[in-house]
Structures are given as structure tokens and as C-alpha cells.
Amino acid sequence: MKLQRMNRRALALGALAVTGALALTACGSDDTGNGNGNGGDASATAQAGNIDCGDAKGQLQASGSSAQKNAVDAWVKQYTAACKDVQINYNPTGSGAGITAFTQGQTAFAGSDSALKPEEVEASKKVCTDGQGIDLPMVGGPIAVGFNVPGVDTLALDAPTLAKIFDNKITKWNDPAIAKLNSGADLPDLKIQAFHRSDESGTTDNFTKYLKAAAPKDWKYEPGKSWEAEGGQSAQGSSGVAQQVKQTSGAISYFELSYASDGVKTVDIKTEATEPVKATIENATAAIGAAKVVGTGKDLALELDYTPSAEGAYPIVLVTYEIVCDKGNKADTLPATKSFLNYMASEEGQGQLAEAGYAPMPQEIITKVRETVSSLS
């Protein structure tokens, strides 16, 4: 385990210095609770000296994406070791709930795995005096498809087959479509138990964007944070659906790679490449590295490619954004908001993610994020 952490740190720091590779996973943890941490260990103290607290003090409330909860926990641990006058509470309520709380003025910033929609930008103007909410990409990476099929350790699926599974059109694990993609596998005559998120989720948004882009004939629903297909079962948060896969024979669901722990197996995705692609940080980087900034002004929303054809490019990816006012932030929380976001985007903050299996944003993008954070008012 120690060697793995060292390798992860070397990979992330090397990516930051050379290519700025982009990916996202994290060590599994519960979706409940807040992002507090006292950061009292030696590691936190060692890095705390590089953090600029400025005039930051008081409580900072934030909520949203459960995908980034483990990232926020890692950041908070380091940040609060240096900035002891700041208490940060991050509630992983899901992207949709996080944006709602932000546009209602309940939080200083929100985490979302999808960029703001026009109507959400409009709503944000009510709390961002003379300004609006903007998207700041901080981390990104693979959405894994976890499965629990007794006797099957390796499973390959393509987008049309996944679409039919999650639309209740394929209901048995020994279906000919699955067997065709898994020659030689001993597939059981077992009912498929497909689980989706019950809460509004950016992970659902990105997963359904993939299905719509890669299997348009088989996925008739519009992508979105809410699950639209009929059938299946639901659970709250990434940890909820991951737990259902772990404990339910025949189960399948989608969640960040961070939650594929404790023996949860993940599907290899068949693309136009020669071999099915595994859900790994490196393979997500190959697909997500081509993301383009499509936001305007200070908004840094990205456009992702859900149908890559390159060898080893994992197609089901997401980017997690911090949603914040460009202007009109509350005076009592602005210093802490800028200080904490600045640390998250800093070389130290991005490099710190290696301990939890995260990798930094591309250098070109994170440089723009840093500039934007410095200009918040």
C-alpha cells in the first residue's frame, strides 16, 4: 500500500510538471458527513507552510458533488492545518442539490460534476451581486461501471449493451449480447439488478451523456442529472449505489472509480479501439486530456469527448467544477473562499491529491483557474 501511494504521488506530480494529466479517483468513503478535518498529522503540517491563509477566518459552508468529497477531505486536512481560524463544512448532497443551495445563498461555493445550465446561471445572479456563478474545473476522471456477477471476474460491455441493460431491455447476465462480447466467460442465468442514483447527480448526467453519444439508437432519453429511464433500482449517492453492487448478486451500477473498493469489479468498456478499455486514471486521462474550454468570460466550463477511438482511451469521464460567484461574493466569506480555492488550485493542492489517487488538472486549465480565483470579488 505504501509503495502504491508513492507511485501515485510520483505519477501525479510528474503529470503536473510534464503534461498536466487530468484524472479523478479517490479512496472510497461514505457520502455522509462534512468535510471537516483537523489536519494534525505530520504530513499535513509539512505542507501547511505553503498555504496562504490571508485574512481567512470563520466558517465556510459548501455542498454538492459526492464525486469530489474525498478530494475535499484531503484538501481540508491540509488547509486547516495551516489556517486554524477557518472551519470548512462540505456536505456531499449531489451536484443538483449543491447548485440549488448555492443559488439560494446557503453556501459559499458548490461542487458540480456538470457545468451550470443557462437557467442556473440566471438564478445565481440573485445571490451574486452584479455578477454570476461560474465554473472552475478542479478534478476529473473515470466513471466506473461496477458489477457483481458470481464466477465472473472480467467483463467487457459496449455502449449499446450498457444502454439496453440500464433501460431494462437486457435482463439476464447470459443474454446473447453480453455473451458475444465475453467469449469463453461462464455467464450465469441470473437476473440483472441495475442500480442508478436516486438524487440529482452530475455523475448521472455524464453517464447518460456517454450513453446518448455512444449509443443514440439504444438510449432514447435526454442526458441530465435526474435518471429518466424506467425500471431498475435506485440508491442515494455514489457510496449508496456502490454498496448495492457490493452486496447484491447480479448488480450493476455506475460511480466514480474511487468507490470501486473492497473487491468491487469494474467493466472494461468496448470502444472503436482494438481492445476493451479498463477504468483507470491513466486511461481516463487519455480521453479527457482533449477537453476544451467552452465557457465564456471567467467561466471555464469544458467540452468532453465521450466517444474516443484512441487505444486505451476510457470513454466514460467527468470533470468536477467548483461553482462560485465571479463578483458579489459575501464579504464575510470571500477571504476564506478565495484562500481555500486558491490552495485547491495551487501546485501544492493539486499535488496533494496523489495520496487519495487523484491527479492534477491540465496545466493550461489550472493556470486559468488560479487567475480566475485571484480575481474573485
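What follows is a short chat about nonpolar cores and aromatic pairs.

Q: What should I know before I start?
A: This is a predicted model, where local features need pLDDT of at least 70, side-chain atom pairs count only at pLDDT 80 or more, and totals for chains, interfaces and linings use all residues. Residues are numbered from 1 along each chain as its sequence is written, and side-chain values use heavy atoms, leaving out hydrogens and water.

Q: How many residues does the largest nonpolar core have?
A: In soluble globular proteins, nonpolar side chains tend to be buried together. A core here is a set of buried (under 20% relative accessible area, 1.4 Å probe, protein chains only) Ala, Val, Leu, Ile, Met, Phe, Trp, Tyr and Cys residues joined through side-chain atoms within 4.5 Å. The largest has 89 residues, and Phe166 and Ile252 have the most contacts inside it.

Q: How do I read the pair of Phe166 and Trp227?
A: A pair of rings is described by the distance of the centres and the angle of the planes. Centres must lie within 6.5 Å; planes under 30 degrees apart are stacked, over 60 edge-to-face, the rest tilted. Phe109 and Phe340 sit 6.3 Å apart at 40°, so that pair is tilted. Phe166 and Trp227, 6.0 Å apart at 65°, are edge-to-face.

Q: Are Phe166 and Trp227 buried or exposed?
A: Both are buried. They also belong to one aromatic cluster with Phe207, Trp219, Tyr221 and Tyr254.

Definitions and conventions: Buried means under 20% relative accessible area, exposed over 50%, partly exposed in between (1.4 Å probe, protein chains only).
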